[in-house]
Structure formats: C-alpha cells, structure tokens
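My entries follow in the order I made them.

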Amino acid sequence: MRIDDVAGPASLQEAMAYLKRRPDAVPWAGGTLIAADAAELGRNGAVAALDLHRIPELRHLFPSDRYLEVGACVSLNQLAALPDRRVAAPLKAAAAAVGSCAIRNMATLGGNLAAKARPMSTLPALSCVDAVLELRSPAGGRWLSVHGLVGPDGRVALPQATLVTRIRVGLQSWDSVEFRLCGGGPYPHPDAAAFCACARASTGTLGELRVAYAARALVRSREAETELVGRRLPLPRRDIDAFGAALARRARELGQGEAAVAECTRLARAYLNKLSEV
Amino acid sequence: MTIDLIVNGEDMKIRAEPAERLAEVLRRSRAAPSLTIDCGGGFCGKCLVLLDGKPVASCLVPAFRARGSEVVSYEGFMSTQEAAQVEAALTAAGARLCPFCKPAYSLALGFIAENRARIGEDEALAIVSSVRCTCSDPSAVVEAARALAGEPGDQRASRAHR
Amino acid sequence: MSPPRGRPERLDDFDAPGTAYAAVVRSPARRGDVRAVISPHLPRDYRFITADDIPGSRVLKFGAEDIPILAAGRVAYRGEPIGLIAGPDRRRVEEAVALTRVEVDEEDPPDGLGPFDSSRLIDSLSFDDGGTEAAEGQAAATVKLELALGAVDHYYPEPQGAAAYYDYDKLVVLSSTQWPFHVRESVAAALGVRDDEVVVRPSYLGPHLDGKLWYPSFVACHAALCARALGRPVLLRLSRDEDLLYTPKRAPFEASYRLHLDAEGRALAVDARMAFDLGAYAPLAPAILKSALDAARGAYTGAALRCKVWAVRSANPPMGAYAGLAGSSALFAAERAADSAARAAGVGAPLWRLDNALADRPRRRSKAKARLARLIEAACADADYARKRAAYELLSKRRAEPGAPPGFGIGLAVGYQLNRPPRLSAAHGNPSVELTMGKDSSILIRSSVAPMDEGALELWRAQAALTLDADPADVTIAPMGTDEAPEGGPSTFSSGIGIATRLILDACEGIRERRFREALPITVKKSYRPRPKSDDGLEDASWAAAVVELSLDELEGSPRVRGVWMAASAGKLLSEAHARAGLRRDAARAVSTCLRERVGLAGGTAASYGLLRLDELPPTAIRFIEDDGLRSPGGLGELAFCCIPAAFANALAQAEGKPPGALPLGRRGWDEHDH
C-alpha cells in the first residue's frame, strides 16, 4: 500500500474541504481493516489518506434517554465498555466480539460499518437495531437508515467523498439477544461472517423479531420477521421452517454460497427454537 | 514524511513512509528494539505498544496516524514502578515467557496494573488476551493478570450491597 | 567484515554492519513446468539468485529424498522457492519479489488422500503378525471407523529464518533449528565447501513441536547462498504468512480402522490402514511411517495386528512431523476405536481401557499397566467422568426434542510417549552429553541435544549442582553451536530432552564416583544406547490419561471445551512446577488444534489462523503420578498431543450423537477454500 498524501483535519469542515479537493481520498478511522487486509483499499496504486482521528466530534458519544449517538471514530472498546443501560445490547455484543482488546482500541464503529471489501461484524447488529446514520459530504449532510446504505447486493455502498459521522441507535431493551461470529474462519478470513438476532416478547407472544446475517452480503427478511410477530411462543415448527426458507431465499438472491445459506438458515432456526425460553 | 512523536518520553522525529507500520518504524529507528513483528495483522499482539495510553497492535498503525502521539514501548515501561509489580506477578505465577512475547505481555500487564482502579479481572483477561504466543503455560499469564487487576468501583459497590 | 553484535536470541535482532535482506520468489502454481521468471531490473547491489548460482549440491539430501534448494525447470507445490532476491534495503527486496512474475504451465495434479495410484506412493510399511485373519472369523463384533486429521501448524514462537555471514574463513549461520549439524552439512554441501568451513549457531527455539527438524537447513541454504553472492551478512526471515503456507505442517492423515472384539467385548485384533499426505517432498517418510506403525495398536498390545501405512505424495508443501513424528495420529485412531469398542461392549470407557490396555503382559509383571490404571482412575476421578458421562447420555436421548438443551459430552483417552529418540536418518548419531568438572570444581555440560528454552537449562544446572554438591552458578552449559556442542542428531520434541537429562544425571554420577579418586579435571561422556528391537519401549514410556468435557453452542452447534483433566506419569520429576507448566502449555495447544486451527493451504493468512486466545482456553487440571518403578526422568511434551485430541473427539461424539469427522473442526461446511 502506498500513500501519496495524508490529511489530518481537526474538524469536519476541514475534512469536507479535503474531500472536495480529493474525492478519492480513503477515510481512515482506526484503519485496522485496511492495515490487515489490503483488499479493503479496493484499488492498486497510491492513495490519499484522510486521517479522521483528530476530529473531536467523531470521537464522542452523545447519549440521551432514548438513544445513543456514536461518533464514527469511537473505538469498539469504548462501546463495549459502556454500561448495558447506555448501549443497545446487540451493538454492544458485536463491538465486544471484534478481534482482541488491542484491535478494538483502534477499530471504530464507523470504520467497521463502512468496510468496502465486504460486510463486517457490526453490520448485522446495526441492522437489527435499525440504526440511523449521519452522512456528510462536501455537498451537505443527511440522516439515513443503515438499510438505506446497503445496496441491492447486500453490501454497504458509501458514496465517494462521503463520511459516516454519527450512528444513532435506540436504547430499547430486548428480551433476547444473540450474536455470533461464524462463517468459514475468523476475520479477516474471506468467508468470515456474523449473525445477530434479537426479540421482544410479552405474555408469551412475540412482539418484535430481528434476524440478520452478514457474510458477503447482509441477509435479512423483514417480511418473514413480520409474519412471526404476534405469534404465540414457542413457535411451531412449520413457522420456523418457513422463516428459514425465506432467509435462505433471500441469501441466494444475494448470491451467497451454499455454505453461507446453510449457516444463516441453521442459526436462524436455532434462534427461533430458543425463543421458547423468552 | 517526518513523523513527530514522543517515544518513551523522548521527542523523536523519524522519517517514514506514510503507510509504513508503526511497528517497523519503531524497530528500524531503534526506538523499540524489543518489539516483535510477527503476524502483521494484529492477531498475535507481539507488537503491542501503548499509543496515547492505550494498548494497540503497532503493526496496524500507519506511521501518519502516530504523528503527535505518545508511544510507550517495553523499553519505556521498564523504568516505571509497574514494571517491578509485573515481574513479581509473572514470577509468582511461574510464567516463563519467550523473548518474542514477553515485551508485549509485560506492557499489557503493566497497563492493567496502572489502571487497576477501573480494570477488573474480566477486563484484565481481555487485555492480556490481545497477545497470542505458544511459548508458555497460558494459565500462568492469566494468573498474573488476575493478580494485577483491581476491583473496579461498580463491582465493589455491588459487592457491598449483597 | 565485522561480526554481528552479540549473539542474538531472535533472528530479527541480527545486527551486523552492512546486513542485507533476502526474500524468496515462489511458485504461484501447484505443479508444472516453469516457462519464465521475469524479475524487475535490480539495482547494482541487489542480486537475483537461482539454482544456476548454487556452487555445490543443488538439492538438500535427506534419506531417499532430494529436495531442490531452488526449483529449476519444474515446480512441485505452490510456494516452492524458485529464486532469492537479496539486497541492502528490506522494503525494496520485498517489492522486487512482489513484482517478479513466475509463469508456469500449470498442471492439475491429483490430490488429497482419496484413491491414489502407485505414482504418488512415496513409501509404505506393513505388518501382520498373522493373528488378525483368525480373529476376523472369531470376532463377535467389529468396530469400524473412518478417521481423518487435517494439517495444523506448529506455530513456534518465531517463523523460520536464518542469517549468514562470513567470519574470516568460515561461514557462520544463525538458525532457529532442532538440528544444527544438519544445517551445517546442508549449507556446506550447497556451497561446495567442507563441513568445518561452516559454523551453525542456534537462536532461540521455543516449543517447536518438531516443526524445525529439517526445514531450517533449507532456509539456511538460502541465506548462505545470498551471503556468498553479496559478500555481506544476510538475514532471511519468512513472514508468519509464508511460514503458515509453505513450511511443513502436521501431515494430513486418514485411517480406516477395524477393531475386532470377542464375545466379552475384549480387543482381539486390529486391522488398520493409514495414509499420510506428506506433500511434494517427504524427507521424513520412513520415520513417520514407522512411528505410525509402532503406535497402530495404541495401548492395546494384547490385540493381534495387521497394519499397512502409506506415505503419499501430493502438490502440498512438504508435510511432516508433529509433536513426535506421527505416533499421535495413530494413537488418535486407536483411542477413537477404544471408545467405540467400549460402547459396543456395553461397558464404560475407563473399564474397557483397564481391561484391554497392555493385555499381553501380566499385571504383576508390568509396571506400565499398573501406572496406566492409576492414571485412568486419577483423570476420571478429577473430572467426575462417570457421573457426567451418564448424565450426558441421558441428555443426548432428548436431543431430538424441540427446545432440547444443547449437547454435552465428556471423553477419555490415553496415550504414551516413548523415551527413546526416533531415528530420522541412518547418518546421524545418538544423543550424547559430556560433563567436565574443572580444577576449580566448576562444571561444564556439553550436550548434543538443545533444550527448547531456559527452563530446561536451569533444571540441568540445578540437578548437576545437587548431584555434585556445587553451586548452580558454577555450572555452565556450553552453547549449542556446531563448534561448541558434541556432534549429534536432532533434538526431537521432548524425547530428546528426556534422554539428555538422563544422560546428564548419569554423567554426574560418573563424576561423583571418580572425583575423589582422580585428579581434576574429569570428563565423563555418555551416549544414548538404543534398546533391543524386542523392547517395545512401553514399560519405560511416559503415559497419560486425559478427559475433555465440552458443550455445544446452542445456536451454532460448535463445541466449547469446558475443562481438561490430565494425569501423567513421566518418571522422576526434577521440577513439578516446570513439568506442570509444560503440560499446561501443550494441553492448550492440543485443544486449540482440535478446534479452529485449520491451515488453508489454498490461501489464508496468519490473522485468520484460529489459534485460541488466552480467554478462550479451558481450565486445565494436571496431576502427576510418580512411580517408584521409573527412577529416571522421562519426556512429557508429546503426551498432550497423544491423548487430548482423541478425548476431545470422544466427547464430541457423545455430544453430537455421531462420529465427529475430521479434526481440526474449522468451520464445518466451509471446506471449499481448503485442500
């Protein structure tokens, strides 16, 4: 990897000014993915690096009663260390599962989300909690659901010269949360994957259900989730089978290999079976 | 480019390529000769340093990212009061570490000792698990980490309420 | 030319004025004819070295195998070294290697251990004591297993490498090696010089698991060729990724194992076929086959044996020894069969083993049998094996129910380690030591066997001081360089140290007997004397029993090891703390090799190699049984690898209700990237 220019802005304004000049610049948060996997750069030749770690508002947490806004350069360790009441459980589980403590001290939520080569492990968690993202570019800023950033191929498609600056996550509690790193090997193995699922139930009835899996693409079927909301627990086998089939269809539509299809289906079914204990 | 940084308390100006790994910069400039560069992917943790007070895998840090930062390597750690505590904890646990991982483990354990007011056993285990080496009895390193960990305020409080 | 500063422990600390760096140009193809090698233009003080630049032998000779030091014309595996680029700037050397194009008319060689024809057969061994055929007719039941063990990495503390420099008329090689004298011979042969013109100084070795037996000689030849070509010191260090992909691993293994049982469920006969994928070159094939054949029955020596073992060539990098050649693979098969036999016989696994282990020797005449019984009882008691096994059997019956709890399993296995050095080639000598008490009563120990680390050296010093009533500070152990140590064979993992320790103790006794009768200095030499072939070594072996308990993740179904209990007997313990630490270290590795430590030979990096982290390792309890019958210290290092994988597999079989398939598990169902 060769870097022919480096900018270290001290504010978002400076960062935008640089991006206007160098729209091809590579935003560099923790940089752990780029350093470990050259495929993350997605190109040969020299690149310009936009070092974001000096921008104060990207490194802060902005809590409120109902949600938490996370600066894109907040480290995964910082997130994982938050008390349970201050961070959504799926996100906390995903942050804590990445790499080792030393890696999590550098790795950031924004960097993990915006990974180019393929979805990384926080994406299923952010999908499950319907995270909302602030995007900033030289043309301006906007808020967008995380699903709006995921393209039809199931991968995050951040436009050029655009930064994720904040990630907003609701603080609703969940009765059941599961997160697993899975796939063909640990990150950065090309077949690494992550699974996240959460649910709420009340008086034996399923109130909310989210199930997401990301290997080479984010796999989730909201239609299948909605189908099961309102059902009595434990879920009957035919409903679990139908959910699994819907997820498998979705995974195949996204071009996932049969190993990924089998794994996400198996995990989803196991999770729904387990919901009988909620 | 020229990287201005503080290494083990000394101001340094080092010429480096922007993408050059901090681990390589530290070794070739002889600022941290104890540092081991092994997997190159942050997996083994043998290149651990403290960057602005936090343990990181220096093979994942590009030189440009270290501008203006403070780096503490094993060489700097050895002159701290935690160094003796770490050595005593390792000896008491019977840990015999190889020259490839001892600097990294010592730094990780030193970080735990220095921050024991807020680092409990679970977090101490997570920190020291940043390093992977096959040279020695892993339970001895874990024992040393637990001995150096504290009992963070919230755990003390919850104990008091039982 | 100035020599390097100090005597570095780590290769990366090699620091001589003017040091140049070297890196390897490798084949991108698994097999084929090299059509072209196109390298970038190199500046004046850089060199591209190929086979044509080798002044002496172009092959590393080991037994019947000739391994090209640099491939010329034809390549046999992906990653095979074709050339070397060396120069003063490490980065430029690496860039030059990355820019070098190697074009190969790639073939599609058959692979794996499936049906293979004779063209892939390297060697085979067979044994038939004539009892199996008769037993087949008498057997009331037969256990049939198909087993597989995949490649795992040795993951020694430092990747392979070497440094070389000229010190006046000698070439000095710094190498992390188990066999300094083989490095010396190989480098001398490649350079076309005499052995005494090359000196080898070993650097830190650490727990090598037998991964640095011969390959360091290969790398040392590369470093030496570069030093000769450049006329300056050269450091060549493989990256961890290169080491993971291209250096020897535990040889992939498949076995078809039949254990015939009589009406009472006792072992009548073993009929085993075992095959090892030894890669493109197999220097250790005869020794690997012999170790597997010798261990084919495991502890169940009362059974008749018919066994055939094959070494198969493939387009993988050379594969080979792991923690004691291949005995651990054969023991794995035997212990899996033992568990299945216990189930078929309707008895508990401990009882079946107690009844059938070493059944060819009467209990009162076999201390090993009594020892093993105590080990099984101890490990099972510590693990609460019987109660848990029964409880998990009940749980397993509910497996099919919706909402059933995840599977749990607990497994037992036994294993042994012979306290005799394997014979890797006819040329090398037996381990030897030389002890000298000087006029000032100081003690100098010279050993042909290099310990892995400082701990063993401290033990030797302490024992010598104790025996000879000296201060440990007055005991010196001579460095292991080829100009300093007695000539000898390889320091194999564990067995070498156990033997060398015995020899040192014997030599100390020898000095003690003579010191007040003869004038100082006194020198006593002791060499290992091979046992007669009729002695199978089991009475003198180190033994262990291991229990592994695991549970299955309720979502993924992947196993989490909840605990490991080992009971071991290895003769006199010179330091229980040292022995316990070593066994714990090895137990952690053995567990790790069952799980995610999968070598993706088609690609993959060190960062995705599944070595377990500290916080992922299970609690491990170790108990030692000392035995008055074994007064000498024995080796311990192979024991964990001989029994923990089988105990793990036996536990997994209970948890899943079916045979576990190949180990390491990796991520089952994701095989397409691995060979």
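**Cysteines**

I looked up B:Cys101 and found it buried, with a relative accessible area of 0%. Buried means under 20% relative accessible area, exposed over 50%, and partly exposed in between (1.4 Å probe, protein chains only). This is a predicted model, in which local features need pLDDT of at least 70, side-chain atom pairs count only at pLDDT 80 or more, and totals for chains, interfaces and linings use all residues. Residues are numbered from 1 along each chain as its sequence is written, chains are lettered from A and ligands numbered from 1 in the order in which they are written, and side-chain values use heavy atoms, with hydrogens and water left out.

C:Cys594 is buried, at a relative accessible area of 1%.

**Salt bridges**

I counted salt bridges over all chains and got 85. The rule asks for a side-chain nitrogen of Lys or Arg within 4 Å of a carboxyl oxygen of Asp or Glu. Side chains of opposite charge can pair when their charged atoms come close.

I picked out C:Asp33 and C:Arg74. Their side chains form a salt bridge at 3.0 Å, N to O. C:Asp33 sits in strand E2 (residues 32-38) and C:Arg74 in strand E6 (residues 74-75) of chain C, so the bridge ties together parts that are 41 residues apart in sequence. Helices (H or I, at least four residues) and strands (E, at least two) are DSSP runs, numbered from the N terminus. C:Asp33 is partly exposed at 37% relative accessibility. C:Arg74 is also partly exposed, at 36%.

My next pair was C:Asp535 and C:Arg420. Their closest N and O atoms are 3.7 Å apart, in a salt bridge. C:Asp535 lies in the loop between strands E22 (522-527) and E23 (542-552) of chain C, and C:Arg420 in the loop between strands E18 (408-417) and E19 (432-437), so this pair ties together parts that are 115 residues apart in sequence. C:Asp535 is partly exposed, with a relative accessible area of 22%.

Then I looked within one helix. C:Glu509 and C:Arg512 meet in a salt bridge at 3.3 Å, N to O. Why are they separated by about one helical turn? Because they are 3 residues apart in helix H12 (residues 495-514) of chain C. C:Glu509 is partly exposed at 33%, and C:Arg512 is partly exposed at 43%.

**Chain A against chain C**

I found 23 residues of chain A in contact with 14 of chain C. Contact means heavy atoms within 4.5 Å. The buried area is about 1,700 Å², with carbon and sulfur atoms giving 58%. Buried area is the accessible area (1.4 Å probe) that two parts lose on being put together, summed over both.

I noted 3 salt bridges across this interface. One pair is A:Arg180 with C:Glu556, closest N and O atoms 3.8 Å apart. On the chain A side, strand E9 (176-183) and helix H11 (258-274) each give two or more residues. H11(A) supplies the largest share, 8 residues.

I also traced a network of salt bridges. It links A:Glu178, A:Arg180, A:Lys274, C:Asp553, C:Glu554, C:Glu556 and C:Arg560.

**Chain B against chain C**

Here I found 35 residues of chain B and 34 of chain C in the contact. About 2,700 Å² is buried, and carbon and sulfur atoms give 55% of that. I counted 6 salt bridges between these chains. One of them joins C:Asp13 to B:Arg27 through their side chains, at 3.1 Å, N to O. Which helices of chain B supply at least two residues each to the side that touches chain C? They are H5 (121-128) and H6 (138-148). H6(B) gives the largest share, 4 residues.
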